[in-house]
Amino acid sequence: MEFDRDTLISWLEEKDTTRLEHLYSGAYRTKVSTVGDKVYLRGLVEISNICCKNCLYCGIRRDNHAAGRYEISSEEVLQSAEFAYKEGYASLVIQGGERTDRAFIDRITSLLKEIKRRWPLGITLSLGEQPLEVYREWFGAGAHRYLLRIESSSRELYEKIHPVDSLHSYDSRVQALKDLRTVGYQVGTGVMIGLPFQTAAHLADDLLFFRSLDIDMCGMGPYLEHSQTPLYQYRSMLLPQTERLELSIKMVALLRLLMPDINIAATTAMQAIDPNGRERAILAGANVLMPNLTLAEVREEYQIYQNKPGVGEDAAISSSRTEQRLNEMKIPIGWGQWGDSKHFEKR
Ligand code: 5AD
Ligand code: SF4
């Protein structure tokens, strides 16, 4: 479908619920006819909340000294991988704060090799900006998808939500996304929705940015304020959380119509606002879900935003809840399938 910038903006501002239901069901039908009706599951392991960056919105930013830091052992990551494999997830996402020291890079490399040696799991990494050679090393060790959100494609807004220094450069972020493509990854990016200073025009431009970058996967979700971050001071500017969720669902639907054959995730932040948030995203075009497999003992520490759902639960509970909800909605699960991006396969 052809959407110009103005049409996208007016959809993002649309309030009529009947028209919106049409948009969502149209996006759902587009999903079913291009990538199928299945939802693919990726077990999510939050390997560490140690981060060298200071993003102004994030609860695990370097300068938040109130956050207790953890790193889970390689043995524990392998246990989660085994759990994912036995559950039939077929894919694993390894996510963590950004670190670029050699010890960390080596550790990820050997973990990847060990996981691939033991199980035929698809592996997605979400470990921030890294030099091209590191992306290469991890690709060679067995990772084949990488998630790196642009957070906002507007340079101006990006610079309002990050410190302006060499560690948080907009240009480096865009370059990293290009490097990932060069190496051969399926590349995923995304934005936060409902940020202070963000307009419908910014979000429309984000969607067009995804298309111009020709991304393979996308994960977007509502921005959620965290009291121990600098961005918290702007909380009075924010839309109510339910409206941030509605905007996020619109973004999913519009992106599905704009890029019919990519993978789009229903994200945890949606679930933080509404227990049915991820399911709503699935009915508006999302086709990937990432049940949290992080060990219950450390979940509390990985609070990029407050009131993150599932804190205190363990992997078995989170995943059986997820499956139960999908069953109730009669949404089939792609058990045992990697569920790679069709967009990538066609390229
Ligand atoms: N609210 C919502 N999402 C957030 N992230 C970080 N902090 C927040 C927040 N306060 C998201 C960012 C990052 C991803 C791992 O988590 O988009 O890329
Ligand atoms: Fe670190 Fe990512 Fe949080 Fe930024 S968003 S502070 S890079 S964990």
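This is a predicted model: local features need pLDDT of at least 70, side-chain atom pairs count only at pLDDT 80 or more; totals for chains, interfaces and linings use all residues.
Q: Where does Gln 337 sit?
A: Gln 337 is in the loop between H13 and helix H14 (342-346). Helices here are DSSP runs of H or I with at least four residues, numbered from the N terminus.

Q: OK, back to Gln 337. How exposed is Gln 337?
A: Gln 337 is partly exposed, at 32% relative accessible area. That class lies between buried (under 20%) and exposed (over 50%), with a 1.4 Å probe and protein chains only.

Q: And what does Gln 337 contact beyond its sequence neighbours?
A: Setting aside residues within four places in sequence, Gln 337 is in contact (heavy atoms within 4.5 Å) with Lys 38, Tyr 40, Tyr 89 and Ala 90. Ser 91 is 246 residues away from Gln 337 in sequence, yet their C-alpha atoms are 8.0 Å apart.

Q: Which loop holds Lys 330?
A: Lys 330 is in the loop between H13 and H14. Lys 330 is exposed, with 72% relative accessible area, and its phi is near 60°, a positive value in a residue other than glycine.

Q: Then what about phi of Asn 307?
A: Asn 307 has a positive phi too, near 60°, and is not a glycine. Asn 307 lies in the loop between helix H12 (296-299) and H13, and counts as exposed at 68% relative accessibility.

Q: Switching topic: which residues have the most contacts inside the largest nonpolar core?
A: Ile 115, Leu 125, Trp 138, Tyr 185 and Phe 210 do, in a core of 105 residues. Such a core joins buried Ala, Val, Leu, Ile, Met, Phe, Trp, Tyr and Cys through side-chain atoms within 4.5 Å. Helix H9 (residues 241-258) gives the most to this core, with 10 residues.

Q: Who does Leu 125 touch?
A: Not counting residues up to four places away in sequence, Leu 125 touches Ile 94, Ile 108, Leu 112, Trp 138, Ala 143, Arg 145, Tyr 146, Leu 147 and Tyr 185. There's also a second, separate core of seven residues, including Leu 44, Val 93, Val 288 and Met 290.

Q: What's around ligand 2?
A: Ligand 2 has Cys 51, Lys 53, Cys 55, Tyr 57, Cys 58, Ile 60 and Arg 61 around it, each with a heavy atom within 4 Å.

Q: Now pockets. Which residues lie nearest the centre of the largest pocket?
A: Leu 12, Lys 15, Leu 239, Glu 243 and Leu 247, out of 23 lining residues. A pocket is an open set of 1 Å grid points over the protein atoms alone where a 1.4 Å probe fits, with protein on both sides within 12 Å along at least five of seven lines; lining residues have an atom within 4 Å of a point.

Q: Which helices supply at least two residues of that lining in the largest pocket?
A: Helix H1 (5-13), helix H2 (17-34), helix H8 (200-213) and H9 each do.

Q: And the second largest pocket, how many residues line it?
A: The second largest pocket has 16 lining residues, with Gln 271, Arg 278, Gly 310, Glu 313 and Ser 318 nearest its centre. Helix H10 (268-273) and helix H13 (315-328) are the elements giving two or more residues to this lining, and H13 gives the most, with four.

Terms used
Residues are numbered from 1 along each chain as its sequence is written. Chains are lettered from A and ligands numbered from 1 in the order in which they are written. Side-chain values use heavy atoms; hydrogens and water are left out.
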